[in-house]
Amino acid sequence: MTTTLHTVLCDRLGCRYPVVQTAMGWVSDEKLTAATCNAGGFGFLAGATIAPGEVEGVIQRLKALTDRPFGVNFHMFQPNADEVIEAVIRHRVAAVSYGRGPDAATIGRLKDAGVICMPTVGAVKHAVKAVELGADIVTIQGGEGGGHTGAVPTSILLPQVLDAVQVPVVAAGGMFDGRGLAAALAYGAVGIAMGTRFLMTSDSPVHPDALARYLSQKDPVRIKVTTAVDGLPQRFIENEELKRIEALGGAAKLSLALKHARSYARDNGQGTLGMMRMAWRSFAADPGNFGATVLAPNLLAMVERGIGKGDPVHGLLPSGQAAAMIDRLESCDELISRIIAEAEARLRAVSALL
C-alpha cells in the first residue's frame with residue numbers, strides 16, 4: 001500500500017510511519033523492537049532493564065534482526081547508565097528516550113554524536129524543562145497511559161504542550177488504533193507512541209499467562225492508578241498482588257522493599273554496594289521522591305514477576321487503559337498496517353466534510 005501519511009517524525013527518526021513503540025521494561029526486548037522497526041514503525045529498546053555487562057550483546061542481537069533505525073531507553077539512576085550511553089554512541093543508535101535526567105551536559109554529548117534526544121513527560125513544566133535541556137522531540141504521556149503516569153488526560157496535555165514548546169511532539173496515553181493517530185495529527189502532533197498496544201502483540205515476549213490476563217480486561221476503570229507500590233502514581237491492572245500491596249502498612253512495605261532489593265541485587269550480580277549506588281543515583285535525580293527511591297525494589301521485583309516471569313497473580317501488570325479496547329494479539333506488521341489504513345481513512349473522511 002502506498003501511503004501519504006508521512007510526518008517530520010518519519011524524517012527525523014528514519015521510520016516509514018509516525019508510530020513509535022515505547023520502551024517497557026522486560027517487554028521491549030530486541031525481538032519486539034526489531035519487529036516494530038521492520039513493520040515501518042520506530043521501536044525503543046528497554047535499556048533500563050538490561051543487566052550490567054549485557055548491553056553490548058543485546059544491541060548486537062537487535063542489529064542482526066533489523067537494518068532499520070531504532071532507539072534505546074535509559075535512566076540516569078540505573079547502575080549501568082554510562083554503559084548504555086557509551087553503547088548508544090558507539091553503535092550510532094538513532095535516538096534515546098528517558099524520563100528523570102540526564103543533565104544538559106549528557107544530552108549535549110548525545111546530540112553531538114548525532115543521537116536524537118526524545119524524553120517522555122507527563123506535565124507541561126516537564127516538557128518545557130526537557131526542551132531547555134536540549135530535547136529534540138518530546139513525547140507526552142497522558143494519564144490514560146500505563147506505568148508511572150500523571151493526572152492530565154492526553155486530550156488536555158497534548159494541546160498544552162503543543163502551545164508551550166517549539167519542537168515536534170508525539171502523543172502517548174490511550175493510543176491503540178488509527179483513530180487515535182488521526183486525532184493526534186489533527187491536534188498538531190507528529191505521531192503517536194504506544195506501549196500497551198505493542199505489549200499486546202504476537203511479537204511480545206510477555207508470557208502467555210500474563211497476556212491472557214491483559215486480554216481479559218474489558219473495564220478501563222479496573223486498570224487503575226495507585227501510589228501503593230513505590231509512592232508514585234502508576235497505572236496497573238487490578239489483580240490479587242496489587243490489592244495485597246495496597247492493604248500493607250508503611251513498615252510492611254519497607255520490609256518488602258528490603259527483601260526485594262536483596263533478591264534483585266543477587267540476581268543481577270550487583271551486591272549491596274551496587275544497590276546502594278543505584279538508590280543514591282535515583283535519589284540524586286529527584287530528591288523530592290525519597291519514598292520512591294526506598295520502595296523502588298518493590299516495583300522492579302514485582303513487575304518482573306508479573307510480565308517477565310508470567311505470574312499475573314503474584315506479580316504486577318503495568319498497563320494503560322487502552323488494554324480494555326484490545327481483544328486480539330496481532331503481529332507488529334499487522335498492527336501498524338491496520339493503524340495506518342484506519343488513520344488515512346479517518347483523515348479522508350474528515351477532509352470530505354470541508
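A crossover is called right-handed if, with the strands pointing away from the viewer, the path from the first strand over the helix to the second runs clockwise. The model is predicted, with local features needing pLDDT of at least 70 and side-chain atom pairs counted only at pLDDT 80 or more, while totals for chains, interfaces and linings use all residues. Residues are numbered from 1 along each chain as its sequence is written, and side-chain values use heavy atoms, with hydrogens and water left out.

**View 1. A right-handed β-α-β unit is made by S6, H6 and S7.** Helices (H or I, at least four residues) and strands (E, at least two) are DSSP runs numbered from the N terminus. Strand S6 (residues 120-121) and S7 run parallel and are joined by two bridges, two strands being paired if DSSP finds at least two bridges between them. Within this pairing, Val121 stands opposite Ile140 of S7.

**View 2. Strand S7 (residues 138-141) has buried residues pointing both ways.** Val138 and Ile140 point one way, whereas Thr139 and Gln141 point the other way, and all are buried, meaning under 20% relative accessible area with a 1.4 Å probe and protein chains only (exposed is over 50%, partly exposed in between). S7 also pairs in the parallel sense with strand S9 (residues 169-172), over four bridges, and there the bridge partner of Ile140 is Ala171.

**View 3. Helices H6 (residues 124-133) and H7 (residues 154-164) cross at roughly 35 degrees.** Their axes, which are lines fitted to C-alpha atoms over the stretch in contact, with angles from 0 to 180 degrees between N-to-C directions, come within 9 Å. Val124, Ala127 and Val128 of H6 make the contact with Leu157, Gln160, Val161 and Ala164 of H7, where contact means heavy atoms within 4.5 Å.

**View 4. Helix H4 (residues 81-90) has five named buried positions, Ala81, Val84, Ile85, Ala87 and Val88.** Seen down the axis of H4, these buried residues fall within an arc of 165 degrees, so they line one face of the helix; the arc is that of the directions from the helix axis to the C-beta atoms. An α-helix has 3.6 residues a turn, so residues three or four places apart point the same way. Just after H4, Arg92 takes a positive phi of about 55 degrees.

**View 5. An open sheet of three strands has the order S8-S12-S11, with antiparallel pairing.** Strands S8 (147-148) and S11 (223-226) are the edge strands, each pairing on one side only. Helix H11 (residues 240-247) packs on this sheet and touches S11 and S12, its direction making about 25 degrees with that of S11.
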